[in-house]
Amino acid sequence: ESGVALIKAGTLTTCTHLPYAPFQSKDDSGKVVGFDVALIDLVATKLQVTQAIVDTPFEGIKSGADLNSGKCDVAAAGMTITDERKKVLDFSDPYFDATQALATPTGKEVKTLEELVGRRLGVQGGTTGEDYIKTQVKEKNLKIEVVSYKDLAALQQALATNQVVAAVNDLPVWNEYIKANPGKVAVAAGFDTGEQYGFAVKKGNAALLKEVNAAIAAAKSDGTYDKIYAEWIGE
Ligand code: GLN
């Protein structure tokens, strides 16, 4: 007995926001797979339960609403640990490092935000990428038209169809997109935001948080983390 109370017996219910490959996305059969899914599966195995994944808007995940209302036990959504989010969620130890990156169509690379003045820049609503860009635009007083999209798929579609001249999101998701769509998009610039992803539980759920941290630590020490990394992120 782990002493972990789950919202549904025998199930570890995970809230995520799809698509966010390589961390979580549907495979050809419709099954949700990815780096985060594989790590949370380790927690489920340890608890001798099965992981069930709920796809839900990022806003409800990062605000704590979904965990508080009992929609899920754990949040796994390529989610950056921030001070603001720490007020409403209890984060695990960091499990992945990320930065922001600016993607453009290949051959139309834009290296600086200054070059985007008078043009449209896409971001994903509710994310650290959106926050970073809005802060930069304000601080530097740049007249860039920042357009927020509801999810990563909508943002990537906007870039592919030239609704925006560039788009900002976490570097690993652009790397994955480029692998899946070779030659179309380039990472033209990076912004070293020094982000770290964490899984989250409802504030005060120390028993589950302990299991999540134990699973991350065990995976890092026994080579499982490296295997999962190689499978989903690559070299
Ligand atoms: N890492 C980013 C954030 O936490 C994006 C997460 C996501 O879109 N799933 O805001």
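Select glutamine 48 to begin: this residue lies in the loop between α1 and β4 (50–55). The labels follow DSSP runs, in which helices (H or I) have at least four residues and strands (E) at least two, numbered from the N terminus. The phi of glutamine 48 is near 60°, a positive value in a residue other than glycine. Most residues other than glycine have a negative phi, and most peptide bonds are trans.

The model is predicted, with residues numbered from 1 along each chain as its sequence is written. Local features need pLDDT of at least 70 and side-chain atom pairs count only at pLDDT 80 or more, while totals for chains, interfaces and linings use all residues, and side-chain values use heavy atoms, with hydrogens and water left out.

**The loop between β1 and β2**

Next, select proline 19, which lies in the loop between β1 (11–16) and β2 (25–26). The peptide bond that leads from leucine 18 to proline 19 is cis, with omega near -10°. Then move to proline 22, also placed in the loop between β1 and β2. Alanine 21 and proline 22 are joined by a cis peptide bond whose omega is about 10°.

**The ligand**

- Alanine 77 has a polar backbone atom 2.8 Å from a nitrogen atom of the ligand.
- Arginine 85 places a polar side-chain atom 2.7 Å from an oxygen atom of the ligand.
- Threonine 128 has a backbone N or O atom 2.8 Å from an oxygen atom of the ligand.

**Helix α1 and its partners**

Select helix α1 (residues 35–47) together with helix α9 (residues 224–232): their axes come within 9 Å and cross at roughly 155°. Axes are lines fitted to C-alpha atoms, for helices over the stretch in contact, and angles run from 0 to 180 degrees between N-to-C directions. How are α1 and α9 oriented to each other? They are roughly antiparallel, a term for angles over 145 degrees. On the α1 side the contact (heavy atoms within 4.5 Å) is made by Phe35, Ala38, Leu39 and Leu42, and on the α9 side by Thr224, Tyr225, Ile228, Tyr229 and Trp232. These residues divide into 8 nonpolar, 1 polar and no charged.

From α1, Leu39, Leu42, Val43, Lys46 and Leu47 meet Leu208, Glu211, Val212, Ala215 and Ala219 in α8. By class, this contact has 8 nonpolar, no polar and 2 charged residues.

**Helices α6 and α7**

Finally, select helix α6 (residues 152–160) and helix α7 (residues 171–180), which pack at an angle of about 60° with their axes 13 Å apart. Leu152, Leu155, Gln156, Leu159 and Ala160 of α6 make the contact with Val173, Trp174 and Tyr177 of α7. The contact of α6 with α7 has 7 nonpolar, 1 polar and no charged residues.

Terms used: Parallel < 35°, antiparallel > 145°, perpendicular 65-115°, else oblique. Nonpolar A, V, L, I, M, F, W, Y, C, P; charged D, E, K, R; others polar. Polar contact = N/O pair within 3.5 Å; in protein donor to acceptor, adjacent residues only side chain to side chain.
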